[in-house]
Amino acid sequence: MYETTYHRPASVEEAAALLAANPDAKLLAGGQTLVPTMKQRLAAPSDLVDLRHIAALRGISSEGGRIIIGAATPHAEVAGDATLRAACPGLADLAAHIGDPHVRYMGTLGGSIANNDPAADYPSAMLALGATIHTSKRDIGADDFFTGMFETALDEDEIIIAVSFAPPERAAYAKFPNPASLYAMTGVFVTKGSAGVRVAVTGAGSDGVFRQAEMEAALSADFSPAALDGITVSPEGLLEDLHASAAYRASLIKTMARRAVAAA
Amino acid sequence: MGIQGIGASVARKEDRRFITGAGRYTDDMVVPGMMHAVFVRSPHAHATLGKIDSAEAEDMPGVIAVLTGEQLKADEIGNLICGWAISSKDGAPMNMGEWSPLAVGKVRYVGDAVAVVVAETRAQARDAAEAVMVDYDELPVVVDALEALKEGAPQVHDNAPGNLIFDWEIGEKAATEQALAGAAHVTKMQIRNNRLVPNAMEPRAALAKYDRAEDHFTLWTTSQNPHVARLVLSAFYNVAPENKLRVIAPDVGGGFGSKIYIYPEEIVCLWASKRTGVPVKWVAERTESFLTDAHGRDHLTEVEMGFDANNRIVGLKVDTIANLGAYMSLFSSAVPTYLYATLLSGQYVIPAIHANVRTVYTNTAPVDAYRGAGRPEATYLLERMMETAARELGVSPAELRRMNFIREYPYQTPVIMCYDAGDYEASLDAAMKAADWDGFPARRAEAEARGKLRGIGMSCYIEACGIAPSAAVGALGAGVGLWESAEVRVNAVGTVEVMTGSHSHGQGHETTFAQLVSDRLGLPLDQVNIVHGDTDKVQMGMGTYGSRSGAVGMSAIAKALDKVETKAKKIAAHLLEADEGDIVIEDGHCKVAGTDKQVPWFQVALAAYTAHNLPDGMEPGLKEGAFYDPSNFTFPAGCYICEVEVDPETGKTDVVQFVASDDFGNIINPLIVEGQVHGGLAQGIGQALLEDTAYDASGQLLTASYMDYAMPRAADLPSFNVGTTVTPCPSNPLGIKGCGEAGAIGSPPALINAVTDAIGVRDLTMPASPRRVWEALQAKA
Ligand SMILES: Cc1cc2nc3c(=O)[nH]c(=O)nc-3n(C[C@H](O)[C@H](O)[C@H](O)COP(=O)(O)OP(=O)(O)OC[C@H]3O[C@@H](n4cnc5c(N)ncnc54)[C@H](O)[C@@H]3O)c2cc1C
């Protein structure tokens with residue numbers, strides 16, 4: 001790791017000011033992605049601005065019919081929160097299966113979606129839930145937030161404050177983990193709610209998380225696993241690596257989608 | 001702790017320090033003035049080495065030296081060697097290429113050490129290592145052994161034409177071919193044994209300290225055999241003579257073979273310490289471990305097995321290509337030859353065997369022994385063949401094995417080994433019973449109703465431990481003898497210290513070795529200390545690998561104990577005015593058998609050291625040493641049965657039942673033996689289900705982190721059903737065979753046999769990853 005200066009702001013404003021004052025600074029949340037990257041010397045921020053001690057960024061609440069999750073809420077808290085378990089157990093289950101206990105106690109929802117790893121779990125949930133990403137500057141819909149592999153709509157100096165969504169009628173996540181990393185080799189989050197059916201796929205797309213329109217249409221007509229039987233997922237545009245070919249991922253998308261629908 | 005002797009399931013004495021974080025590993029060692037080494041490594045798999053410009057690095061904060069191969073050569077530091085000479089079948093010696101501890105002229109794999117930076121902190125050394133400018137002129141690369149043998153393939157070493165190190169054979173070629181020609185049925189397969197990264201929890205490390213006043217070196221290092229390290233460092237690498245070099249292997253966090261060898265880094269740290277005048281420490285980062293720890297396995301084999309009309313094996317023909325990587329590691333030549341082909345008779349009567357083995361250089365990390373070393377490769381081959389043959393012949397795999405079992409001992413195989421004892425049918429029967437073999441069809445039907453494909457597979461393994469009479473291995477080319485030493489030192493108050501040449505890095509010697517002493521002298525376990533891992537404390541020893549420490553290391557202790565007991569009995573007889581022949585040692589006393597006359601053990605010890613009243617002419621003291629050279633290998637054997645369920649939609653395999661029935665001979669500590677089996681099974685299941693080492697065509701290691709290299713986790717493993725049967729080993733005084741590697745040796749074929757049974761395919765390359773299984777199902781559909 002290269003040398004860096006650590007800051008512990010107490011408010012979002014203070015954090016934003018630190019970011020503005022140090023062009024090579026980076027926000028630090030759970031550090032579960034950023035710190036290993038720094039240890040491998042692949043990232044060299046001059047300053048680290050730690051968000052984990054800003055009370056306003058942490059916690060889960062229900063307001064005006066929407067669930068709000070603070071950006072610095074660790075996965076373990078998302079997994080165990082009673083309000084969320086009641087409103088959207090699929091999301092709590094997703095959080096419960098991220099990494100290992102160490103990762104779940106340190107890693108945060110905000111860090112995960114800001115990073116937008118193509119194999120991360122949360123982006124699929126945000127997209128399928130039609131969540132709103134609230135930042136220090138604006139509100140961004142999930143459809144506009146995830147813009148490509150490791151790419152988001154965030155500006156350099158923009159801080160995610162929270163995410164919010166209307167609890168769906170039905171929702172579930174089915175994940176097929178990469179045997180080595182246990183990240184999603186293919187994960188599918190399905191929801192059925194006031195905005196209709198949404199199917200979001202992570203781990204498989206070479207452009208990161210995406211929605212599967214054909215499945216959404218089929219499930220809108222009939223929200224059952226069998227509704228997906230006739231659909232053939234094309235391997236085009238899907239990731240290829242040591243662990244899975246595009247064709248295998250295409251098959252996993254269908255299998256995971258059916259399992260998610262069955263569990264929802 | 002009371003008297004806990006042979007057969008007691010004693011919890012490990014050493015675990016208290018390990019699980020409370022009080023273990024002391026090489027990286028925990030700190031000496032005054034210590035500085036840190038970081039290696040500059042080649043990012044290319046094959047290149048001519050040009051100018052190394054270290055000017056900028058040398059000026060960076062904290063840096064005291066940047067050293068290269070040229071300087072190392074100028075100081076006459078030797079090249080690394082392979083310590084087991086194997087000749088080709090035409091009599092030509094093996095073509096060993098040069099391996100300089102820091103590359104000179106050429107780099108041959110990604111990770112090859114090119115220079116070393118020494119600085120005040122590790123971070124400074126790393127910063128400076130990045131600033132060392134190295135000119136590389138890239139050369140064509142070959143990573144696959146089969147490709148390396150093809151005409152026109154890139155040449156890894158000039159003195160190994162066609163990249164061939166040796167072309168070796170064993171057994172009777174003509175007889176085997178004749179047997180196969182006359183066979184009623186011949187099963188043929190091509191079998192790959194996947195390359196593995198050892199992944200010890202503690203990465204390799206070295207701390208070298210040169211003492212100018214004494215002209216003496218101390219090396220703390222992660223070694224399974226500190227004395228062998230010292231021998232090789234002094235005899236071949238010209239670092240220091242043995243009397244000027246102390247090697248200490250403190251707590252070592254796992255070895256699995258990968259810490260047997262001497263690597264460039266230890267040599268360079270010793271040399272750099274003298275050159276710079278400061279103690280130098282190096283600790284591998286995990287990526288360095290992936291890149292540079294000696295890998296395991298990597299065989300490609302064409303195999304044919306012939307059967308007569310009664311399904312008896314008539315012959316076995318094996319043609320193996322073994323990838324040894326870019327350099328010949330210390331025992332690399334022995335692994336695919338004498339540790340592999342000599343086990344090709346398995347548990348079976350095979351009248352004719354012929355094996356041809358070609359070892360090959362490629363632009364990949366060196367390959368050497370890894371838990372099992374050669375025997376897993378042999379077992380995988382045979383047991384995949386037996387299973388496949390049974391399917392082709394339409395007979396039960398259990399019955400095909402049973403009818404071909406060796407049943408009379410000693411049994412001389414056609415491939416050197418002479419099995420001394422065993423009962424393979426007992427293991428088979430015990431395993432089949434524990435696995436409820438007959439109930440499998442019902443379990444398969446039940447799984448099918450849940451949409452799962454259930455399969456069952458077995459493996460009947462034999463392996464050879466405790467390598468072996470020194471004269472025999474010497475005749476086969478070994479550069480060392482394979483005996484073990486012990487010294488039993490009874491202190492004046494009767495407590496005991498045992499200096500052993502074995503080295504514990506997870507095996508629990510501090511407990512089991514103490515149990516032997518407790519058993520023999522009737523002393524509580526906590527009055528016995530086991531001392532190992534320091535060449536200044538322990539007489540010459542050969543270290544721990546090949547499951548040899550029970551059979552060979554403890555036999556040496558037993559031999560030393562014989563001598564201690566003889567002397568103690570003489571003293572006790574003198575004190576009790578009895579006949580020496582009537583003295584027995586029990587419950588911490590020397591007693592006159594059949595009487596109530598006795599003297600406490602500590603008084604016998606005290607008498608030995610006060611020397612006020614000893615038998616005429618007896619020397620004071622109670623301390624005896626012994627060297628034990630085995631008369632044969634030992635032959636653990638057993639039967640493993642694995643049941644899996646495959647999800648046909650995803651290709652994911654779950655191991656739902658795993659039964660192990662092992663014959664390890666006599667058992668000192670059942671708890672530790674069970675733990676060793678569990679660990680071995682986890683590694684074997686890891687190889688068969690998860691672990692794979694992949695290089696791309698340019699020689700980059702694609703699986704250089706846990707993001708891509710899949711290690712077995714608890715959730716990948718079932719609750720093991722482990723049992724033992726016992727035929728005592730006749731070749732050593734304790735009747736022990738060895739248990740350290742069996743799990744890793746016997747389990748991969750059982751698992752792959754189960755998966756192929758589940759999905760109904762003949763061939764499947766390890767690991768049975770979800771992708772491979774899914775693709776096999778697609779290909780079948
Ligand atoms: C062993 C291991 C296993 C894992 N397994 C999984 C898995 O199975 N599934 C999965 O989805 N993930 C997995 N992860 C990743 C984990 O979920 C991380 O928590 C997540 O990727 C990043 O979150 P973090 O809080 O640690 O962010 P950090 O690492 O601290 O930051 C990541 C990036 O986000 C930025 N950032 C952080 N917070 C904010 C914010 N509020 N606003 C704007 N930018 C911000 C940072 O500047 C940085 O660029 C794993 C990680 C590890 C180490």
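Five salt bridges are counted between chain B and chain A, a salt bridge being a side-chain nitrogen of Lys or Arg within 4 Å of a carboxyl oxygen of Asp or Glu. The model is predicted, so local features need pLDDT of at least 70 and side-chain atom pairs count only at pLDDT 80 or more, while totals for chains, interfaces and linings use all residues. Residues are numbered from 1 along each chain as its sequence is written, chains are lettered from A in the order in which they are written, and side-chain values use heavy atoms, with hydrogens and water left out.

**Interface of chain B and chain A**

- One of the salt bridges joins D647(B) to R259(A), with 2.8 Å between the closest N and O atoms.
- On the side of chain B that touches chain A, the elements giving two or more residues are α4 (122–131) and α20 (770–780); helices are DSSP runs (H or I, at least four residues), strands are runs of E (at least two), and both are numbered from the N terminus.
- That side of chain B comprises 10 nonpolar, two polar and 10 charged residues; Ala, Val, Leu, Ile, Met, Phe, Trp, Tyr, Cys and Pro count as nonpolar, Asp, Glu, Lys and Arg as charged, and the others, Gly among them, as polar.
- Contact (heavy atoms within 4.5 Å) involves 22 residues of chain B and 25 residues of chain A.
- E649(B), R771(B) and W774(B) lose the most area to chain A in chain B, together 31% of what that side buries; buried area is the accessible area (1.4 Å probe) that two parts lose on being put together, summed over both.
- The total buried between the two chains is about 1900 Å², with 52% from carbon and sulfur atoms.

**Cavities**

- The structure holds eight cavities of 30 Å³ or more; on a 1 Å grid over the protein atoms alone, a cavity is a set of points where a 1.4 Å probe fits but cannot get out, and lining residues have an atom within 4 Å of a point.
- The largest cavity contains about 60 Å³ of space, a volume being the space filled by probe spheres set on the points, which are joined across faces, edges and corners.
- Its lining includes R41(B), W99(B), D112(B) and E265(B).
- The lining of the largest cavity divides into six nonpolar, two polar and four charged residues.

Notes: 1 Å grid on protein atoms, 1.4 Å probe; cavity = no way out; pocket = protein on both sides within 12 Å on 5 of 7 lines; lining within 4 Å.
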